[in-house]
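This report covers cavities, a pocket, a sheet and a few single residues of the structure shown below.

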Amino acid sequence: MTDAVTVPKRPAWGSSLLAVIVLAFAVSRVGHEAAVATGLGIEVAGLVVVAVGASLVRRGHRLVGLPLAVGGIAVVGLGICYVLMLLARPPALLDVVPGLLGVALVGIALVPVRGRGSRWSLRVGVALAFLGVLASAVLQETTPGVQLLAGTLCIVAWDLGENAISVGTQLGRRARTWSIEAVHGVATLVVAWLAIRLSRVASGVQPPTTSLSAFVLLVVAVLVLTAALHD
Amino acid sequence: MSGFEATNRWRGVLVFSALALVVGLGAKRPSLLVLAGVGVVYAVYPAVSPTWEPALTVTRSLSETTPMNGEHVTVETTVRNDGDRPVFDLRFLDGVPPALSVVEDSPRRGAVLRPGSSVTYSYTVEAKRGKHRFQPATAVVRDLSGAHELETTVVGETEIDCTAELDSSPLRPQTLDYVGRVLSDQVGQGLEFDRTREYKHGDAKNRVDWKRYARTNELATIEFRTERSVNVVLLVDARSSAYHATDDDIHAVGLCVSAAEQLLVQLLGDRNQVGLAALGREFCWVGTGNGREHLVRTQQALATHKAFHPVPPSNDDEQDRQFQTLRERLPDAAQVILLSPLCDDWIVTGARRLDAYGYPVSVVSPDVVQPDTLGRRLAAIERSNRVTMLRAGDIPVVEWDPAVPLGRSVAATRTRWLS
């Protein structure tokens, strides 16, 4: 029997962990109560336990790995229920719960629970978190600054998760890839910072109370231009 | 080298923007419009991210270039950015020879390279018998945003040589009077002293051993042995049925190629005329010849010709036609050394036919059937039947156990013939 190693094509763990943490941070800013932060912490810890369990199962230690993975999933559920029970304000269900579910889905996509990671699960998870941000804006539960930050962080988390999956597919977990993940992550964060500054400047030019429609038309024009550039 | 391709990884970010815009308009929240602007910036980002073609070179250093079979060889690969622009996202996959397996670490690496800088990493492979060339490495380069990707190959010539020396080859004692035709009565190059015999009336005067006559007053004639050289064609069976392997070792075609290499060097070293042929995915033919240039040409064919590719072909529909071509090209009275695992009956029939047509055949057959299951035991019995059949037709067969160097198997067979 050869001792040949196989290349595990699972998502790179560095970017994966960072993606989950960034998204959890964004959701914690949206749900600004302490209970939310604690619940998210429990969720992330549960996801780490699932990751450890899944890697043990893959290496053949089913006896230890399987209960660990299942236990991790239970902890994730526990975190969500904890927040639901302790949340003081009922409308918060609309802006916090999608975020919690989103973090869970992103974690499941990147652990990964299945094969090479799931881009679909990643997208749905980030979309749910983003919807939570939008809901918080509609319900006026958060300040515009928090909405901007959380929304941008959703996009950053998506980018990090997507990069983790692509690096995992092309290079596998055994290869040393932290340098390319770091460079890509830093570039995305720089663009995030730039985007927030630009958007703040743009919103500062037009006071929000007057010529809302003119501003909207401007944004629509830029959107159309960008869509044209894409093709 | 192809151009950059879009990865479409940023597709969908505009959906976020549109969503934020719609909700912001509907609920009259201008902060969401600002968020939509952020999405737009991210949508523009890949369009303005610059791309440039990279210039990469790869060099490798091996811990052992001529390892023993089964030895672990550490490969240290260095990738260098020779261009004048940085490579932000390089995903490098080294071209490990297809027949070898990696036992430690990974031949894949991600790296960020400034112009002129390089990255070195190492992994370990397990050596198997034969000569293994490294394939061109694959390098995937992305721009900073990850939206454009270029896949290219980087070539670095490296080889692992895991063959042993051979000191005798299974030639039958039939020779070609090549040298004899060139020589006349004059003593020249290519003559070796053989023995003396009693002088017979009519022997040439310059063949008399005068020194002996001066000593003993007896006339004796010196007999020279003309140097005999042989026309040999090495025939490798590279059909799909020959790609058999024991569980973890190299397959029979790889073993036969390695044996052909050793025989080639040894036969050419004895100043014979050697050629190469192969039956398989594609007919291979290198006409007989000798000399350094011919050796290089034949080695090149063994290393790179499609017939000897380490991956097995899908079918064998041309074998009869190839056999016909082989028969047409074989020089008269050439000896054929067939290298085959004898995994089917067609090759046995072919060998006996060639022998009947006047090309003396010898067979070197690696034993790659491990008799552990019932089916394999049957295959082993069938194979030994084939060997017996060939030997019954006066075709010598060297049964080669791949765990043992080829030279020893040949010497053992020789002893058996003589005893």
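## Cavities

The largest cavity has a volume of about 80 Å³. A cavity here is a set of points, on a 1 Å grid over the protein atoms alone, where a 1.4 Å probe fits but cannot get out. Grid points are joined across faces, edges and corners, and a volume is the space filled by probe spheres set on the points. The count by this rule is three cavities of 30 Å³ or more.

Lining residues have an atom within 4 Å of a point. For the largest cavity they include B:Phe4, B:Trp52, B:Phe88 and B:Asp143. The elements giving two or more residues to this lining are β4 and β9 of chain B; helices (H or I, at least four residues) and strands (E, at least two) are DSSP runs, numbered from the N terminus. By class, the lining of the largest cavity holds eight nonpolar, one polar and two charged residues. Ala, Val, Leu, Ile, Met, Phe, Trp, Tyr, Cys and Pro count as nonpolar, Asp, Glu, Lys and Arg as charged, and the others, Gly among them, as polar.

## Basis of the values

This is a predicted model, in which local features need pLDDT of at least 70 and side-chain atom pairs count only at pLDDT 80 or more, while totals for chains, interfaces and linings use all residues. Residues are numbered from 1 along each chain as its sequence is written, chains are lettered from A and ligands numbered from 1 in the order in which they are written, and side-chain values use heavy atoms, with hydrogens and water left out.

## Sheet

In chain B, five strands form an open antiparallel sheet in the order β1-β10-β9-β4-β6. Its edge strands are β1 (5-6) and β6 of chain B, each pairing on one side only; two strands pair if DSSP finds at least two bridges between them. Strands β4 (residues 87-93) and β9 (residues 137-142) of chain B run antiparallel and are joined by five bridges. B:Arg91 has B:Val140 in β9(B) as its bridge partner.

Helix α6 (residues 144-171) of chain A packs on this sheet and touches β4, β6, β9 and β10 (148-154) of chain B. The direction of this helix makes about 35° with that of β4(B); axes are lines fitted to C-alpha atoms, for helices over the stretch in contact, and angles run from 0 to 180 degrees between N-to-C directions.

## Largest pocket

A pocket is an open set of grid points with protein on both sides within 12 Å along at least five of seven lines. The largest pocket has a volume of about 760 Å³. Its lining comprises 35 residues, and B:Lys131, B:Arg133, B:Leu302, B:Ala303 and B:Thr304 lie nearest its centre. The lining of the largest pocket has 14 nonpolar, 14 polar and seven charged residues, and α6(B) gives the most to it, with six residues.

## Single residues

B:Cys256 is found in helix α5 (residues 252-269) of chain B. It is buried, at 0% relative accessible area; buried means under 20%, exposed over 50%, and partly exposed in between (1.4 Å probe, protein chains only). Beyond its neighbours within four places in sequence, B:Cys256 is in contact with B:Val236, B:Leu339, B:Ser340, B:Pro341 and B:Pro366, where contact means heavy atoms within 4.5 Å.

B:Lys28, in the loop between α1 (13-27) and α2 (30-48) of chain B, has a positive phi near 55°. B:Lys28 counts as exposed because its relative accessibility is 60%.
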